[in-house]
Amino acid sequence: MKTIPKALSPCIFKMLIFSNNSLKSDRILMESFGNNSALEVITNRKMKILPKISFIIFTFSLLALQNIWANLYPWTDSSGRTLQAKFLQADQDTLTIEVNGQPFEIPVITLSPESKALAVMLQAQQAKPSVKLYDWTDTSGRTIKAAFIKSTQKSITLEVSGRQTTLPLSMFNDASQALAEKLGGQKIASERREEQASNPNVNVPKVDLNTELNLSSVYPWTNQAGQTLMGKYLESDKENMIISMNDGRREVTVALETLSKDSLALAKRLAALKNSEAKEIIALAKKRKALKVPDMEEGDLIMEHSLTNSKGQSIKAKFISSSESEVTLLISGKSSPMNLSWGSFSDESITLLESLRRLQAKLESQKPKVVPARKNRLSYFASGKYKGYNSIIDRETHMVGVQSSGRSLDIFVKQGKDTSSSNSPGVKRVGVNFATYYTDKSNSDPRKHRRRSRVIQSFDEFPDASTDRELLTLKGKYTNGGTFEYNIDLKERELKLWSKIKDPSGEKWPSRHQISIGVPGVVANAINLSMGQINSAVGNGVFDFRPVSGKAAKVPMNMKWTDVRKKMKVNTNNLNSMDLYGKPYDPLKISITSVSHRDMRLDMDKAYAKTFPLQGISLDYFTLEERKRKEIPRSNALKIVLSPR
């Protein structure tokens, strides 16, 4: 049912009053002048009034039905209240709408999931380049402006205010039907030209498989339909191949069975080459580890060294880091490091580089040095797996680190090879942040008001970097003169966070405070992976939502959000808790909840731009009452439980 615009409600109400008063006056006339005389007066009067009433009702009905054409949209809050209003703009925190010509700001967090999604969609459409609008007239002479999408023999698809709708061709007049036929023909011709431009027979070089191939080169890849992509071979298995495009900015998965005969042969040659190089890397790694290397001092890691490649050419470079296959060096005179294979160096230089690699690994395995605190930065560990953190919990299954910024902490899960490596913190699975923000209204145009974060100016005290701390309390000032207090209770299996802020007297842009929780994605480039690859990565991973009211829902990480909303009733607002467990989080179960839910909200933003839950989500924890949005009391602290599974 469409919501009647609030502006029309008083008019409809007045019409009902008029109708009721009219009935009363009719009875008075009949009593005073007799039925026949009064009937003539009443009939004449109604013959004049009824067309006006009919016209008013028709007009209001038409306006109500045409809300979409006037850029009015229904905005619903989390309590189910709906308002029709024009969209102006939106950012991560604030929606700006226009009601009766006046702009109003609404916190995005108070909107229903559907309205949040609508705001994201409309803001994205505003960022798109403008499209050409045409006049479309129906057989009754009514005209609208809309962008053309496509047409068939029976229908026209148009885009109005970012929404596509398909209408019968017969409802438009002859001129609009002719326009649709013309534009449809132009679009087909344009698509045909694009298809011809991608034909491999036009200016696409043919690869000679008898020449020496290179894994770093870009090759043309053609499918059986004659379409071609240019990309660098990365890897392949029995079913798929992955190529890198656009200078490494995009990775694409291609089914081997779709490739042309020549491209399939190229893929097999490159796969064999990659396998051969991998064997060489393993052999060289064994050789390096057996070398007797000269002793090095810590200062050698920051010095430039003379190195020679396998062809006898010399360079001066500083050692940065290394892997099993490559060495990262900063070559003299260059501003950016460069990756070079171990095999590209002479035996003498390999020995020197191996010595530097071992020295770096030894130093990082020892207790790292500490960088002293400064005005708005806590002291922190300078190297190793604790690098950048002030306070650490390090256990067999997980590591928790409070960043030197003082306002954020990260939770790492140790899995597989990460557990055996003393230099690895594990895989980051959750990030938590004390977030204080305000609305910058320095621009006189309300549509250009922006949400900004309060910046820490200084801390009152500077706790030392530590791996043995149970309670961290940080107090200080923001750059606007306001104050803050952050508290983190660090237990082996349980974390608690509570806080409060205060604005300076006379602050014209009041601050709000909350705790934000980010759950990063667990699979890179998920939209280009096959379901087999996705299922292998996430396994039995689950997001378990438990709302304060309503049923709990276990959402598989490999199910698309569109399918989740269709098949499951998932309430992600006002959560009692959210649990993360399964393959990406093993051997832990991570529970995000609260000490007490009284007067508090834990809400999730599904990030509608993402396809799968495995691509990551975010949650916000805050005080429900607006005037108390400057504190998260200890009695209502956010609680994160890390349970072994």
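Q: Which residue of β12 stands opposite I242?
A: T253 in β12 stands opposite I242. The model is predicted: local features need pLDDT of at least 70, side-chain atom pairs count only at pLDDT 80 or more, and totals for chains, interfaces and linings use all residues. Residues are numbered from 1 along each chain as its sequence is written, and side-chain values use heavy atoms, with hydrogens and water left out.

Q: Why are β9 and β12 called edge strands?
A: The open sheet has four strands in the order β9-β10-β11-β12, with antiparallel pairing. Strands β9 (218–222) and β12 (250–255) each pair on one side only, hence the term edge. From one strand to the next, the twist averages 55°, an angle between N-to-C directions of axes fitted to C-alpha atoms, on a scale from 0 to 180 degrees.

Q: Which helix lies across β9, β10 and β11?
A: Helix α5 (residues 261–289) lies across β9, β10 (228–236) and β11, and runs at about 140° to β9. Helices are DSSP runs (H or I) of at least four residues, and strands are runs (E) of at least two.

Q: What share of the chain counts as buried?
A: Buried means under 20% relative accessible area (1.4 Å probe, protein chains only). Of the 645 residues, 38% count as buried.

Notes:
Buried < 20%, exposed > 50% of the residue type's maximum accessible area, 1.4 Å probe, protein only. Pairing = 2+ DSSP bridges. Contact = heavy atoms within 4.5 Å.
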